[in-house]
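Student: Take a close look at the charged and aromatic side-chain pairs in this one for me. Cut-offs included, please.

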Amino acid sequence: MKILILLLGCSFFALSPSKGAITDPGTDLKNGSVSGKIIDQVAGQPIAYASIVIKSASDQSTLTGGITAEDGVFLIDKLPEGNFILEVQYIGFKTYSFSFRITGKNKKIELGTISLEEESTALSEVEVVGERTTIEQKVDRKVINVGKDLTTVGPTASDIMNNIPSLNVDQQSGEITMRGNSNVRVMVDGKLSNVPVAQLLKQIPSTSIKSIELITNPSAKYNPEGMSGIINIILHKNANMGLNGNVNMGLTKGLEAKFNNSLDLNYRNGKFNLYANAGTNIGKNVNDGEVNRIDENSQQLIDVLSNDKSYLYKVGVDFYLNDKNTLSFFTNQNYYDGLLDVDTEVSYPDNPQLNLGQLLISDQENHSQQYNFDYKLLFEKEGHNVEFEADYNIFDSEEVANFDLRGAYPFPDYTDFVDTKRTQTTVNLDYVNPVDSLSKLELGLQTRLFETDTDYRSTGLSYNAGGALVPTATTAFVYDMDIYSAYATYSRTSGKWSYQLGVRLENVEVKADTNQVRAFTDRYTELYPSGFLTYSPGEKNQFQLSVGRRVDRPGLTQVNPIREFATPLISSFGNPSLRPQFTFSYELNYTRRFKPGSLTAGVFYRTISDEINRAFFVDRLDLNRLILTYDNFDDTEAFGVELSSNLRLAEWWNINASFDLYNQTQRGLSESLPTDIPNPGVDDIVTESISVENTMWNFRINNNLEATKKLTFQIFGMYRGRAQTLQFVQEPMYMINTGARYNFAEGKGTLSLNVNDIFNWMRADLSAERPFPQTARFIWESRTLYLGVAYRFGSGKNRALSRKRRDKDTKEGSGGLF
């Protein structure tokens with residue numbers, strides 16, 4: 001595999017044609033070109049990275065394009081004879097349009113200097129959050145541009161995810177699902193993190209989010225992890241001339257108070273762009289639960305109080321060496337300090353002597369460090385480039401968990417100590433070559449190295465196989481995964497049709513050691529093909545068919561044999577022997593644009609082999625306790641339908657609405673004790689294979705009402721239908737949010753007031769038949785009051801660096817990044 005990567009690397013420059021080489025037998029028919037220089041009409045300065053779009057004059061379809069260089073110059077070549085429209089697009093400026101014709105006698109069109117005029121409605125040239133959230137359907141992803149109406153929903157990324165089409169966040173666990181499935185990767189700015197995803201989403205300020213990309217069927221260019229796809233959170237990055245910044249502060253009040261603030265700064269002068277971001281989230285969260293086991297007439301009351309403090313810092317620099325060479329570096333530093341109190345009381349009215357309680361006080365601190373370097377080289381031909389990127393991430397975590405026990409426990413109080421260190425190194429080499437004006441070849445190599453080292457020790461006692469209490473064993477768990485991959489994609493546009501074909505080759509080696517003894521080894525080499533076919537009969541309609549193969553590698557929490565959590569009646573452990581599950585996904589999307597807005601509809605179908613799911617076992621050492629773990633099961637399938645729309649019903653009324661429905665058959669394993677046998681033992685345990693068909697649907701609608709140019713109101717409603725998992729049936733959930741926003745200081749300042757779940761309807765009502773008949777209810781701080789203020793300062797024209805955001809992902813509980 002390493003030899004193959006080396007050969008592919010050597011082939012990069014063999015595929016790059018030298019001057020004078022014959023690269024296309026049809027070159028003599030496609031040797032027209034158009035060139036010019038783009039400047040700011042007022043400042044007279046060149047505009048770098050403006051978008052140049054070439055359209056067909058007959059049907060307005062996009063044929064090719066590019067961006068301007070650092071000096072504002074552009075050249076689009078290899079154009080056939082015919083009539084064209086050139087458009088120049090740049091944020092904050094009016095779109096420039098020019099019609100031209102290429103003939104046998106007039107093949108080179110030189111437009112000279114083109115001056116772009118500022119948009120008269122622009123408040124400032126600082127990159128700002130839009131007033132309203134919009135949804136775009138792009139070739140391989142759905143992009144939700146986050147507006148102020150969405151950031152007023154709550155202070156963190158976790159708070160706004162439930163309002164995004166196709167996404168749901170579990171309020172108890174923080175687990176995020178897409179299309180009803182938790183096998184999804186979460187990234188920030190296209191990069192991985194070692195931070196657990198539930199923690200990560202609560203640490204990112206909502207005001208720092210520019211957009212959220214839902215990549216449901218990624219191409220071979222992107223890493224294949226995630227059965228449901230990829231969620232990529234794009235943060236604001238300013239690259240304006242001079243000094244610019246944003247400051248945001250917010251207070252959320254439910255049962256407890258939560259504070260969040262963020263500061264974004266950048267300074268651009270000449271060849272340097274310096275930027276820095278800082279954000280904090282501090283607050284307490286309340287979550288109460290009640291679980292009733294019907295057969296034994298027991299009640300379990302759970303009171304949870306968490307006190308979290310997180311601090312995020314990012315510093316970076318872009319250095320423009322010249323028009324062809326760019327160097328970039330940034331570092332992210334993430335500090336977290338969390339104190340968790342979980343008080344559990346189990347009562348048996350018929351047998352009070354069995355009553356017991358547990359108070360868990362967990363103190364966890366972690367520090368995540370990310371260091372990223374990027375170098376990009378542009379060749380003479382527009383769009384022809386090679387890019388090298390290296391990313392290194394370190395995660396250190398220390399947890400001290402004190403268990404204070406009450407009642408019928410046979411052993412005394414104890415303390416668990418868990419130290420975790422994770423490192424990941426990612427190196428990419430990417431090459432892009434526009435073969436001609438209508439087709440493009442992309443090649444890439446990637447190395448990803450992951451290592452996790454977890455040490456566990458306890459002062460407590462545990463049962464051994466003979467039923468005797470002995471000191472709990474110390475455990476050292478090391479999990480390594482090395483991935484070497486190469487990809488190739490080829491895309492071409494022909495009139496109203498376009499297609500992309502790609503394949504990714506990966507070689508993976510996994511090793512797991514428990515107490516220095518090899519517990520698991522896995523090696524496999526797999527191909528991941530992908531294909532896209534797009535038909536655009538006009539500007540108003542677009543159809544797309546896509547297919548791709550993906551993999552869901554077991555997450556670190558799924559393979560870690562060290563206890564993940566424990567209550568008086570249940571414990572959770574990972575399974576080091578888990579194998580990856582593979583998915584073939586098929587998707588069809590349609591987008592319709594019309595004067596009031598747009599409508600996007602899609603259907604998907606996927607087949608899943610070696611499905612990873614939950615397994616429930618009776619604890620052989622304490623038959624009243626359950627053990628939750630994971631295992632591989634038989635093949636299954638899933639399908640779904642999605643609808644989303646943006647509608648402006650009036651000048652003062654805008655609506656975003658979405659509907660999605662998913663169906664999936666889940667398989668698992670469950671053990672239980674028979675209820676008709678008095679004092680059942682280990683030999684009486686009943687094992688049952690479970691198959692559950694879950695059909696779930698969601699509806700969301702967001703109304704934005706403009707009272708004046710400065711004052712707007714928001715009404716948001718959400719309904720989540722009944723859902724069934726292997727363990728529980730969850731009843732429908734619904735809520736209504738209201739909010740108001742007021743702009744001041746000539747639009748540079750925004751004051752936001754929001755009330756979430758005004759009727760306090762949101763709660764989780766659950767029931768189950770296996771492994772025990774039981775009911776449960778969980779209630780959290782759903783009804784909250786949020787007050788926020790934001791202010792933007794600075795001016796200067798945008799000269800943002802056009803740097804790609806790579807999609808890199810692996811599963812870490814779900815994945816994550818920072």
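This is a predicted model: local features need pLDDT of at least 70, side-chain atom pairs count only at pLDDT 80 or more; totals for chains, interfaces and linings use all residues.

Tutor: The protein chain has 5 helices and 46 strands, where helices are DSSP runs of H or I with at least four residues, strands are runs of E with at least two, and numbering starts from the N terminus. Residues are numbered from 1 along each chain as its sequence is written, and side-chain values use heavy atoms, with hydrogens and water left out.

Some background on the chain: 54% of its 818 residues are buried (under 20% relative accessible area; exposed is over 50%, partly exposed in between, with a 1.4 Å probe and protein chains only). Take contacts (heavy atoms within 4.5 Å) between residues at least 6 apart in sequence, and 68% of them join residues at least 24 apart.

Now the charges. The whole structure holds 17 salt bridges, each a side-chain nitrogen of Lys or Arg within 4 Å of a carboxyl oxygen of Asp or Glu. In one of them, Lys-221 and Glu-442 bring their closest N and O atoms to 2.9 Å. That pair links distant parts of the chain, 221 residues apart: Lys-221 is in the loop between β13 (209–215) and β14 (229–235), while Glu-442 belongs to strand β23 (residues 439–458). Both Lys-221 and Glu-442 are buried.

Further along, Arg-518 and Asp-513 form a salt bridge at 2.4 Å, N to O, with Arg-518 partly exposed at 46% relative accessibility. Glu-526 pairs with Arg-549, closest N and O atoms 2.9 Å apart. Since Glu-526 is in strand β28 (residues 517–538) and Arg-549 in strand β29 (residues 541–552), this bridge ties together parts 23 residues apart in sequence. Glu-526 and Arg-549 are both buried. There's also a salt-bridge network made up of Arg-448, Arg-504, Glu-506 and Arg-553.

On to the rings. There are 21 aromatic pairs; the rule takes rings of Phe, Tyr and Trp (its six-membered ring) with centres within 6.5 Å, calling planes under 30 degrees apart stacked, over 60 edge-to-face and the rest tilted. Phe-411 and Tyr-414 are edge-to-face because their planes sit at 65°, with centres 6.4 Å apart. Phe-411 is buried at 17% relative accessible area, and Tyr-414 is buried at 11%. Phe-659 is partly exposed at 27%, and Trp-697 is partly exposed at 33%.

Finally, charge meets ring. The rule wants NZ of Lys or CZ of Arg within 6 Å of the ring centre and within 35 degrees of the ring normal. Lys-314 sits over the face of Phe-330, 4.6 Å from the ring centre. Arg-457 puts its charged end over the ring of Phe-417, 4.2 Å from the centre.
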